[in-house]
Every structure is written in structure tokens, then in C-alpha cells.
Amino acid sequence: MITEGLEWYQEALLVDAHNDTLSRMRDGEMDFCIRQAATHTDLPRLLEVGMSVQVLAMFAAPCANKSISLHKILSYAEYAHQCIEHDPRLLVVQTKKDLPSPPPDRDRLRVILGVEGGDCLGGELWVLELLFRLGVRLLTLTWSNRNALADGVWETRSNGGLTNFGHEVVGRMQELGMIIDVSHLAPAGFWDVAKVVEGPFIASHSNAAALCPHPRNLTDEQARSIAEHGGVIGVNFCQPHLTDGTARLEHVVEHVEHFWRVAGEEHVGLGTDYDGIDTPPIGLEEVTCLPRLIQELEKRGHSQNRIQKFLGQNFLRVFRDILPTVSGDDQRHQ
Ligand SMILES: [Zn+2]
């Protein structure tokens with residue numbers, strides 16, 4: 001791993017707000033806790049690169065049968081808990097106190113369980129409650145399709161925002177202390193969230209439309225709104241979200257710098273989308289390449305302070321703000 005000249009990096013807390021590794025491991029019958037050749041990340045490599053907190057997204061492809069999508073998400077959650085129970089290097093984050101503080105603990109990876117797409121809720125709030133009990137702390141309201149909560153970005157004609165159920169879910173998530181994620185959400189739904197949510201929400205893996213006009217990317221206006229709410233945008237490594245042609249590490253840096261200019265350095269983080277993307281940018285082929293991104297940011301004259309916020313401090317601030325103080329179990333015994 002390349003860390004030459006990056007001694008300070010050993011002290012940085014790294015947070016990645018989105019990868020799809022868990023789903024890939026479960027589907028491919030691979031072991032997340034063992035080094036794999038076929039994936040972009042795994043537990044050994046995440047520890048090697050010094051990841052402190054990884055959001056593990058659980059994604060079920062949209063399906064007309066809501067039971068099938070819930071079944072899939074539950075199988076990922078069960079797999080995640082098996083890994084956490086069997087490997088002492090893994091800890092699950094459910095409350096504020098589970099989040100790391102400096103110096104980083106290089107032998108432990110903290111994971112936040114996230115669900116990508118509210119399809120599995122099937123229009124029923126009790127499923128959200130159940131997922132919370134299972135430790136899920138983040139919900140990406142939609143994937144790119146329409147679901148019972150709102151339209152995703154592929155729904156380009158209907159201009160649908162949050163449904164009544166979507167409003168209920170967003171309201172309950174705030175009460176429970178769950179992270180609201182607007183990546184993949186169509187513009188009308190985004191602005192509904194911005195209107196009804198007072199505190200921070202995040203875009204876990206979204207890039208800048210000003211640099212690459214892909215429907216998945218955020219306009220400058222949206223980026224500013226996330227910043228005004230105190231939230232964070234996670235820049236992702238998905239080639240079509242970065243540029244028209246071949247994506248390189250430099251394109252990622254340009255999206256980061258753009259959001260720094262538009263939203264401010266307190267509001268940009270990392271949301272790699274590793275194992276959810278087919279072709280990572282040249283130079284960032286898998287997770288242990290991350291120090292190269294830091295080298296490039298330093299080369300361009302950005303301060304360590306600014307880079308550390310991007311690497312993890314910003315997302316940690318928001319997670320600390322949103323997550324519950326005590327777990328459900330603690331609450332019951334008080
Ligand atoms: Zn995604």
C-alpha cells in the first residue's frame with residue numbers, strides 16, 4: 001500500500017458512506033472476513049487501508065413482489081450479523097457511543113448497516129421498525145426506480161416527490177435516529193426531504209452534475225441545500241457519474257474540489273460505491289488504492305485538515321448528530 005509521505009494519514013479516521021460489498025459477498029457465497037480476489041473490498045483490505053467506519057449497503061433489485069425484496073434484505077442482515085458475531089475485528093454501530101474517536105483503532109472495523117431502496121418496506125411502517133431493531137441505521141429512500149416512498153431518478157416524467165408513506169417514513173426515521181440518504185432520489189423527493197427535515201441528511205454516494213450531467217448527480221443547488229442542513233455528500237467512484245469517457249482518479253478529485261467550492265469543506269466525504277460499480281477509476285481499482293487519492297489532494301495543495309474532514313470527520317459529525325444515544329435494549333432497562 002502506498003503511504004509514503006503520508007505519516008499523518010495513520011492518525012486519520014476514515015469513513016466510507018457506501019459500498020455494496022456485503023450483498024456481493026452474500027450473493028457470491030464469499031466470506032467478507034477473508035481476503036477475496038473478485039471484489040473491491042473485504043474486511044482484511046478495509047483494515048489494511050485504515051477504514052474506521054464502513055456503511056454496508058444492503059440492496060435488493062426492485063421487484064414487483066415486495067416479499068421477495070424484504071426476504072433478500074433480511075438474508076443480507078442475517079449474513080452481516082453472522083460476520084459480526086464470528087469475527088471480533090467487526091463491531092456494529094447502533095448508537096452515538098459506538099462511533100470511533102481518535103486515535104483510530106486499526107484492528108477494528110465499525111460497520112453501519114444500511115438499506116439501499118425502501119422497496120422492501122412494502123408500504124408498511126412496521127418493517128422500518130423491524131429493520132431498526134435488526135440494527136439498520138441508514139435508509140436510502142429509493143433506488144433509481146419508483147417505490148412506495150417516492151420516485152427515483154429514472155422516473156423522469158412523473159415528477160413525483162415523497163408520498164404520504166414517504167413522509168411517514170422520514171418522520172419516523174428522525175424519531176428513531178436513522179440516517180436519511182437521498183442518493184438515487186428524484187429532484188421532487190429531494191426537495192420534499194429538504195423541506196421537512198430540519199437537521200442533517202446525507203447523499204451517501206452522489207457526484208456533481210455541474211461536472212458530469214448524469215441524472216444520478218446533484219445540482220449545485222442541491223449540494224448547497226445539503227450543506228445548509230449540516231449534511232454531507234459522499235463522492236462516489238462510479239465511472240458514468242464521474243465523466244463521459246474513461247474515469248481516472250483525477251476525475252474523483254475534481255468532483256471533491258467542486259463540492260468543496262459549492263458546499264464547503266465541512267460537507268463533503270467519501271461514498272465509494274465499491275462492489276456496486278463495474279469499472280472503478282484508473283488509479284482507484286480497489287480499496288487499498290485510497291491513499292493515492294489523498295496524495296493527489298495533497299499534491300494540489302489542500303491542507304491535511306481539509307483532507308481529514310473529507311476522509312471521515314464530516315460523516316462522523318453527522319452520524320454523531322443523528323444516531324440514537326441509547327440502543328432499544330438500554331432504553332427498555334432504564
Ligand atoms: Zn447506489
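**Exercises on a zinc site and its surroundings**

At 7% relative accessibility, His184 counts as buried, a label given to residues under 20% relative accessible area, with exposed meaning over 50% and partly exposed in between (1.4 Å probe, protein chains only). The model is predicted, so local features need pLDDT of at least 70 and side-chain atom pairs count only at pLDDT 80 or more, while totals for chains, interfaces and linings use all residues. Residues are numbered from 1 along each chain as its sequence is written, and side-chain values use heavy atoms, with hydrogens and water left out.

**Exercise 1. Identify the residues that coordinate the zinc ion, and describe how they are placed in the sequence.**

Step 1. Donors are N, O and S atoms within 2.8 Å of the metal (3.2 Å for Na, K and Ca), and since water is not among the atoms, sites may look incomplete. The zinc ion is coordinated by Glu116 through OE and by His184 and His205 through NE2, at 2.1 to 2.2 Å.

Step 2. The spacing of these donor residues in sequence is E-x67-H-x20-H. Glu116 lies in strand β4 (residues 109-116) and His184 in the loop between β6 (179-181) and α6 (187-196), so the pair ties together parts that are 68 residues apart in sequence. Here helices (H or I, at least four residues) and strands (E, at least two) are DSSP runs, numbered from the N terminus.

Step 3. Glu116 is buried, its relative accessible area being 4%.

**Exercise 2. Locate His255 and find the backbone atom that lies 3.0 Å from a polar atom of its side chain.**

Step 1. His255 belongs to helix α9 (residues 249-263) and is buried, at a relative accessible area of 1%.

Step 2. The backbone atom is the oxygen of Leu242, 3.0 Å from a polar atom of the His255 side chain.

Definitions and conventions: Polar contact = N/O pair within 3.5 Å; in protein donor to acceptor, adjacent residues only side chain to side chain.
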